[in-house]
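Keep the viewer open while you read, and find each residue as it comes up.

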Amino acid sequence: MLQRIIDGISASTGTTVRLTSLAAGAALALFITTGFLCAAAFISVLQTYGPVQACLAGAGIFFLLTLAAAGSYWGYKREMRKRARIAAERAAKSAASSMLADPMLLATCLQIARAIGIKRLLPILAIGGVALGIMASRAGASDEASAEPAE
C-alpha cells in the first residue's frame, strides 16, 4: 500500500516537472517573440517618423500593456476576495450545523439537562434562544449592509 502511494507521488511529481518545464519554454519563446515584434515596430516607426516618435510609440505600447496587466490583476484580486468571502460564509454555516450534529455535544447537553432538570433549564434556554435570535438578526443586517456597492 505504501508503495502505491510513493508511485502515485512520483508519477504526479514527474508530470508536474514536465508541465512546468514546458510552460517555462513557452514563456521564453513568447518573450523572444515579443522582443522581435517590438524591435520591428520600433524600426518601422523610426524609418517613417524619426527617433523621438519611435520611442514614444514604444512607450505607449508598453504603457497600454501595463494598464491591461494591472486591470487583469485588479479583477483577479477582486474575484479572489469575493470567493474567499463566500468560502468563509459557507465554512461558518457548516461549522454551526456540524456543531449541532455532533453526537458528543448532544450527549453532553442531555447529561446537563438531566443533572439540572428540565424545569430549571427552561428559563436559561429561553434566554439563550432570545440572545441567539438577536445575534442572528444583527449578523444578517451587517451582511445586507456590506452587500450594497460602495462608491
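1. Start with R83. Its relative accessible area is 52%, and the cut-off for exposed is over 50%, so R83 counts as exposed. Bear in mind that this is a predicted model.

2. Which residue does R83 pair with in a salt bridge? The partner is E79, and the closest N and O atoms of the two are 3.4 Å apart. In general, side chains with opposite charges can pair when their charged atoms come close. E79 has a relative accessible area of 34%, so this residue is partly exposed.

3. Now look at where that pair sits.

4. Move along to R85, which forms a salt bridge with E89; here the closest N and O atoms are 3.5 Å apart. R85 and E89 are also four residues apart in helix 2, so about one helical turn separates them. Buried, partly exposed or exposed: what is R85? With a relative accessible area of 47%, R85 is partly exposed, and E89, at 33%, is partly exposed as well. The count of salt bridges comes to two.

5. Next, the charges on the surface. K77, R78, R81 and K82 gather there in a patch of positive charge. Pick out R81, which lies in helix 2, a helix made of residues 51-100. R81 has a relative accessibility of 55%, so R81 counts as exposed.

6. Just after helix 3 comes G117, with a positive phi of about 105 degrees.

7. Finally, zoom out to the chain. How many helices and strands does the chain have? There are four helices and zero strands, giving the pattern α-α-α-α along the sequence. Of the 151 residues, 3% count as buried. The chain exposes about 13,000 Å², with carbon and sulfur atoms supplying 72% of that area.

Notes: Residues numbered from 1 in each chain as written. Predicted model: local features only at pLDDT ≥ 70, side-chain atom pairs only at ≥ 80, totals over all residues. Heavy atoms only, no water. Patch = residues over 30% accessible without salt bridge, like charges linked within 9 Å, V, L, I, M, F, W, Y side chains within 5 Å. Areas by Shrake-Rupley, 256 points an atom, 1.4 Å probe, with all protein chains shown as cover. Salt bridge = Lys/Arg side-chain N within 4 Å of Asp/Glu carboxyl O. Lys, Arg positive; Asp, Glu negative; His and termini not counted. Charge placed at Lys NZ, Arg CZ, Asp CG, Glu CD. Helix = DSSP H or I, 4+ residues; strand = E, 2+ residues; numbered from the N terminus. Buried < 20%, exposed > 50% of the residue type's maximum accessible area, 1.4 Å probe, protein only.
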